[in-house]
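Try each task before reading its solution.

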Amino acid sequence: MTAKYETHEHDVLIIGAGGAGLRAAIEALGQGASVAVVCKSLLGKAHTVMAEGGIAAAMANVDQADDWPTHFRDTLRGGKFLNNWRMAQLHAQESPERVRELEQWGALFDRTDAGEILQRAFGGHTFKRLCHVGDRTGLELIRTLQDRGIHLGIDVFMECAITRLLKDGDRVVGAFGYWRENGRFVVFKAKSVVIATGGIGKAWRITSNSWEYTGDGMALAYDAGAELMDMEFVQFHPTGMVWPPGVQGILVTEAVRGEGGILTNKDGERFMARYDPEKMDLSTRDVVARAIYTEVREGRGTEHGGAYLDISHKPAEYVKRKLPSMYHQFRELADVDITTGPMEVGPTCHYMMGGIRVDAETSQTTVPGLFAVGEVAAGLHGANRLGGNSLSDLLVFGRRAGLSAAQQARRVGPSTIDSAEIEEAEGEILAPFERPDGFSPYEIHQQLQETMQNYVGIFRNEEDLKKGISEIRRLKDHAAQVRVEGSRLFNPGWHLARDLKAMLTVSEAVALSALERKESRGAHSRIDYPDYDEMWGRQNSVVVRAMDEMKLRQQPVPEMPAELKSILEAK
Amino acid sequence: MADSLFKIFRGDRNSGELVEYKVPIAPGMVVLDALHYIQAHQAPDLAVRWNCKAGKCGSCSAEVNGRPRLTCKTRVDALPLTAPITVKPMRTFPVIKDLVTDVSWNYRVNRKIPPFTPAPDTEWKMFQRDIDRVQEFRKCIECFLCQNVCHVLRDHEKKEQFGGPRFYVRIAGLDMHPLDSLSRTKLLNEDLGIGLCNITKCCTEVCPEDIHITDNAIIPLKERVVDDYYDPVRWFLRKIRKQ
């Protein structure tokens, strides 16, 4: 390989430093591998830090009847049975141990009176199951993993963006990227590469996601030949802030409802009684999001187009202790005191159930050398994720991915990186500087967000989706002609130009998969096909690259063993 | 809609100046919204660090009208609109570009701190009253505003001898963890220079998480240092109590 580039070599390269990436890194180090973690932001700022409500784990500290089969059943019911059963089983079985381990690494969860980890109620969970720290559980998780990882010896490469995976034949053997600070290029060589880059929410206008959530990992994997699965299933969290405009989409944790918060419309009616009389406010997210959306559309919304969410019937001190960041968020950003009055909330793009198709046990993708874990991977959550099941996903499968990546690194022989491929990657990333004129990356991004919001949102139909797809393709052409001003020194316009490419790839995959699935299931609601379809209930959608075109196919949902089926049928 | 005038530092390590931008004001707008507006319409290469835009990640620290703030939590309507709003990078850290500073020193300090170390036979039971204080410290979002205002770092440049409020909070979170078995007073006293802090409470004032940095973390740690260094009996007692 050419000496022209700064090069780092490790056994395992992990792209992404959220909960999944850090947990994978810790495990791979424990296996004796050398580990690099590359992240777009500073360490500790990944999206995991924004997780609020808790980690789902059937520890039975509060409700003693809880056990893994119940968690397994809740997860499959929430996911409308499109989940990979084996992932759901491993997740339910292993998450209590992963939480205990976190505590042993220094995490401090809220406690029960008996001195155990306290657990709270959450949508779709039969029992009080979410281990939490007030409403800042994600911060506790990432800080704990970060400090542990640092002391074990992870090499962390902060503010570095990967733009391409490098292959030797069929196998992924490294990655190419640039330093955000100075725009210089860097090559990472590794025996195993783990993608842990999270979701894609920045393709929508109203989202709870940070700037990093641009689908990078999915696009990198797709470009390298990996399969994307369940891309039509995008979770809209029912409760984002709706007012003032600048805060639209910021998450209002489900823990508000877990702690007893009540949803009403402008007439004061508890409308959830009409959508899910049994679970009411703690119904699954897909149901609550559609309910709020429908209330607003039918003229029963609040002043700023949302629903009311009220926790002020609880003692003010309790609210401040259990929901401190919600209290501050509303007081400082919306001039609302949630201990005395209701919040206004509405749906916000929050989470991607779909992603890179992986093996349940090992997190291995269909491309040799490449692993994927966390939100970027598909399978565990099926058509709809339950709150709290993401943090546990990161821990359970982060550990498994780190383990398999390290084991594989011991097995593989030497590889070479093709310098022509690096030069191509370099040419591609520099092209926007060289065009004398072209489109603004900010404008294309804004148009993409409008497109996804309007045509690939909570409720979908064929006409909208087709419009959305043609719009995405038009924007792809524009993105190929994007122009960037300024230098390579910390240049957000340039960074966005590159992130746009990933967003457009995943947006197209989402819209195509949504058009294809002619039924409504979980987070995918087709106005023109409002019911479940049994045939579709047995199929996962898979998107793969074939000759620069996106090809769709159906993949049968793996058949579940009889003993697990009987768990589903119980109760 | 009314416009507001912003004066934003544009420049790098070597030089820079305040550049004026006009931004239309929307209800409830925060300074970070204005910075994004400027990026999208006037200065696409304006460098700003941010992530969550919800006060949870601590990335978007800057000095707004001379006050260290998270720009995502600074409402434009809370600032006087009669004068331009100035936004400058944190002064204590070297500028990389515009509002982005090099905060890597903080990460190097963090590496010096021995991690949580439970005793080998620990029983994993803790009560809420025993962890309330530590949970306060663990609210820290690492915005580094406390480091930025601390005069030991800001005016006296003692980065090599001093850890700064952020890392005293971090050590307090470890040393006061009911199941931790280490003492970090030697590190505090010798490597991280806690004695240089003369408790002016500037750090506490700017903390967006309302952590009582001085009263709850620094002062008790200073007391522990004094006890360990000058009172061998108490040093011995705490040592055996911890084990």
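**Exercise 1: Chain B on its own**

Among contacts in chain B between residues at least 6 apart in sequence, 64% join residues at least 24 apart. Keep in mind that this is a predicted model.

Task: describe the make-up of chain B: how many helices and strands are there, and what percentage of the residues is buried?

Solution. Start with the secondary structure: chain B has 10 helices and seven strands. Next, take burial: of the 243 residues in chain B, 47% are buried. Finally, look at the extent of the C-alpha trace, which spans about 65 × 35 × 30 Å along its principal axes.

**Exercise 2: Where chain B touches chain A**

Task: find which element of chain B gives the most to the side that touches chain A.

Solution. First, the contact involves 46 residues of chain B and 49 residues of chain A. Then list the elements of chain B that give two or more residues to this side: helix 1 (31–41), strand 6 (95–97), helix 2 (104–111) and helix 3 (128–137). Of these, helix 3 of chain B gives the most, with four residues. By class, the chain B side has 25 nonpolar, nine polar and 12 charged residues.

**Exercise 3: Two helices in chain A**

Task: work out how helix 5 (residues 216–223) and helix 15 (residues 492–516) of chain A are oriented.

Solution. The two axes come within 8 Å and cross at roughly 75 degrees. Angles of 65 to 115 degrees count as roughly perpendicular, so helix 5 of chain A is roughly perpendicular to helix 15 of chain A. Among the contact residues are Met218(A) and Tyr222(A) of helix 5, with Ala502(A) and Val506(A) of helix 15. By class, the contact has five nonpolar, one polar and three charged residues.

Terms used
Residues numbered from 1 in each chain as written. Chains lettered and ligands numbered in written order. Predicted model: local features only at pLDDT ≥ 70, side-chain atom pairs only at ≥ 80, totals over all residues. Contact = placed C-beta atoms within 7 Å. Nonpolar A, V, L, I, M, F, W, Y, C, P; charged D, E, K, R; others polar. Axes fitted to C-alpha atoms, helices over the stretch in contact; angles between N-to-C directions. Parallel < 35°, antiparallel > 145°, perpendicular 65-115°, else oblique. Buried ≥ 20, exposed ≤ 12 C-beta atoms within 10 Å, placed from the backbone.
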